[in-house]
There are 2 protein chains.
Amino acid sequence: MATENLNLVPFVSVENMMDLVLETGIDHSLAELAQYIEEDFLRWENFDKTPRVASHSAEGVIELMPTSDGRLYGFKYVNGHPKNTRSGRQTVTAFGVLAEVESGYPLLLSEMTILTALRTAATSAVAARYLARPDSTTMALIGNGAQSEFQARAFKALLGIDTLRLYDLDPSATERCRRNLSGLGLDIMACGSPEEAVEGADIITTATADKQCATILTDNMVGPGVHINAVGGDCPGKTELHRDILLRSDIFVEYPPQTRIEGEIQQLAVDHPVTELWRVMSGELEGRRSEAQITLFDSVGFATEDFSALRYVRDKLAGSRHFIELDLLADPDEPRDLYGMLLRRQVVLDHQHTA
Amino acid sequence: MATENLNLVPFVSVENMMDLVLETGIDHSLAELAQYIEEDFLRWENFDKTPRVASHSAEGVIELMPTSDGRLYGFKYVNGHPKNTRSGRQTVTAFGVLAEVESGYPLLLSEMTILTALRTAATSAVAARYLARPDSTTMALIGNGAQSEFQARAFKALLGIDTLRLYDLDPSATERCRRNLSGLGLDIMACGSPEEAVEGADIITTATADKQCATILTDNMVGPGVHINAVGGDCPGKTELHRDILLRSDIFVEYPPQTRIEGEIQQLAVDHPVTELWRVMSGELEGRRSEAQITLFDSVGFATEDFSALRYVRDKLAGSRHFIELDLLADPDEPRDLYGMLLRRQVVLDHQHTA
């Protein structure tokens, strides 16, 4: 038994995650990750789904997001604390675990701050492939925080977006986003207002971070044919779009019970019609039906997407050196003899002491 | 910012947990842990409590157990897979995280297989101090698996139990338990039946592991004045005591909404009267009222106990070398510049490559 090293669980640190992604290439990582996400959306009914378990405080929220496909189990720990940037901390940090359902043993522990940024962007791009006009080339990107460059990269890699129109309340955020995205062949405009940013945009991505209801987009800003990718509104009391836009849009969501609590549609009646994204992917329901239709992906981030991301990282680790092994699980020589393991450790320590 | 090492989270491996416990001494660790558990029971109303989030499968269960006191947040991942021993694995393994509510940042990642064994035993002993007869010296220990020696140690350390009467369906488990507990000054009897084990016992501890309803104790086996410490029945469909015993006992529980689903009292009506342990500890309600009363601690294990255990470990780490630091959290120089961190890592890698 001991030779199997049942106690060890692979751990992917932040640095190893960066190295894994950079070795693969950011565009290629996003494309591969999108494939895992799409695969899991296409077997949506296999998943044990539950709204995330949230612990709210005045400063923010800590959430656990579990799901399982019956063979693998995954969960993510994620926080959301808008004031964290004041102390040099991230608004959102995350880590997660993938485990084997048959034994309950963890298979992987991974940082998920970077991984969540990648999977959120990849999910947005996957949704847009079904919902945006196929000839889309220009994206407005409103909110130029930590998620913005990942969205830009994913839409470039997966949809061929070549023009970005950036806006943030904080011009230095826009400038940083523009600088970070330079040299990729993107045509980038820094805009002075949300109104200017949406001019001529085929896709509008909103990714602002305040924990409050804001109206980033008003009704008159959204013309026919636009696809709105609403990423920032993702908890109770936090929305980005004016309600009138929602009433003119066909709304697509990940998991309705969670989105009705956390998404833009918390502004609507609980029975307002929405379409589950997986049903569009499977071909059961239509996504975009016309040139003029306004489509809205009311994205809040769902546990299956993190599951897909963990599954992706685990597969990437095969043959990779970008992880270490943690002595996370007790592995006594005889399974029922946990206490005996402690006694045997005492013998080792006594020996070290006298040696 | 970088000098604060905001990315690093202390990690206590299985080996480090053993060394921490052995350095402190097992008895002393149990006593200290009991104090933390009792402290948190005494401020029960401060905690955000919720039944654990369970993912059941044919083979077992994976659970997440979160709680918070408004200042700290903790959760435990724990599995329960009875068939695991066939492949040399533990029935129960666990790990957990303590985090700061204000920032959502994890403060500690720890193995919790050993820690759960310790906290379960410490909780049982804390409860027994309020519920068992003060002159108790003899404990029957039915089910001699991984939890059994920890129970014995805790009852010896915290209540002065000096005589053990062991029984297990598997005589080799009893023999191992007896051998592991030798040399501690305990008077230990290996018994051939549960009936023999309970003879003259002041306290009966049941800690069997099968995931099914079993009747370890029948009604005629429980005499007046006994305290029953029922540890093994801890999920839906898994009980250890005959229903008639429950009807004759005063029943004490951790968190009624969870115990009614998972504990022995799942056999009773949903409004059967039970007493919350914390109300006894606080002096609001009586524990043992008479010599003849039968008391039952229907223990299922609650999230606050894991929270107490994580809080204890975190305090023990101050000035200790029994941990390593994990690069778990992304810590960009500028908090909103997560993508920029990836770009800067690319520069480092390019440099390493050409160097």
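The model is a predicted one, in which local features need pLDDT of at least 70 and side-chain atom pairs count only at pLDDT 80 or more, while totals for chains, interfaces and linings use all residues. Residues are numbered from 1 along each chain as its sequence is written, chains are lettered from A and ligands numbered from 1 in the order in which they are written, and side-chain values use heavy atoms, with hydrogens and water left out.

Taking contact as heavy atoms within 4.5 Å, 82 residues of chain A meet 82 residues of chain B. Buried area is the accessible area (1.4 Å probe) that two parts lose on being put together, summed over both. By this definition chain A and chain B bury about 7400 Å² between them, and carbon and sulfur atoms account for 66% of it. On the side of chain A, the residues that lose the most area to chain B are A:Arg336, A:Tyr339 and A:Leu342, together 11% of what that side buries.

With a salt bridge defined as a side-chain nitrogen of Lys or Arg within 4 Å of a carboxyl oxygen of Asp or Glu, 12 salt bridges are found across the interface of chain A and chain B. One of them joins A:Asp19 to B:Arg345, with the closest N and O atoms 2.6 Å apart. A polar contact is a pair of N or O atoms within 3.5 Å; within protein, one must be able to donate a hydrogen and the other to accept it, and residues adjacent in sequence count only if both atoms are side-chain atoms. Across the interface of chain A and chain B, 32 residue pairs are in polar contact, both residues being at pLDDT 80 or more.

Helices (H or I, at least four residues) and strands (E, at least two) are DSSP runs, numbered from the N terminus. Helix 11 (residues 338-354) of chain A gives the most to the side that touches chain B, namely nine residues. For the class composition, Ala, Val, Leu, Ile, Met, Phe, Trp, Tyr, Cys and Pro count as nonpolar, Asp, Glu, Lys and Arg as charged, and the others, Gly among them, as polar. The side of chain A that touches chain B then divides into 43 nonpolar, 20 polar and 19 charged residues.

An automatic or database domain assignment gives domain 1 (2-114 + 305-350) and domain 2 (133-301) of chain A. Their C-alpha centres lie 28 Å apart, and the contact takes 22 residues from domain 1 of chain A and 21 residues from domain 2 of chain A. About 1900 Å² is buried between these domains, with 65% given by carbon and sulfur atoms. A:Phe41, A:Trp44 and A:Arg52 supply 28% of the area that domain 1 of chain A buries there, more than any other three residues. One salt bridge is found across this domain interface.
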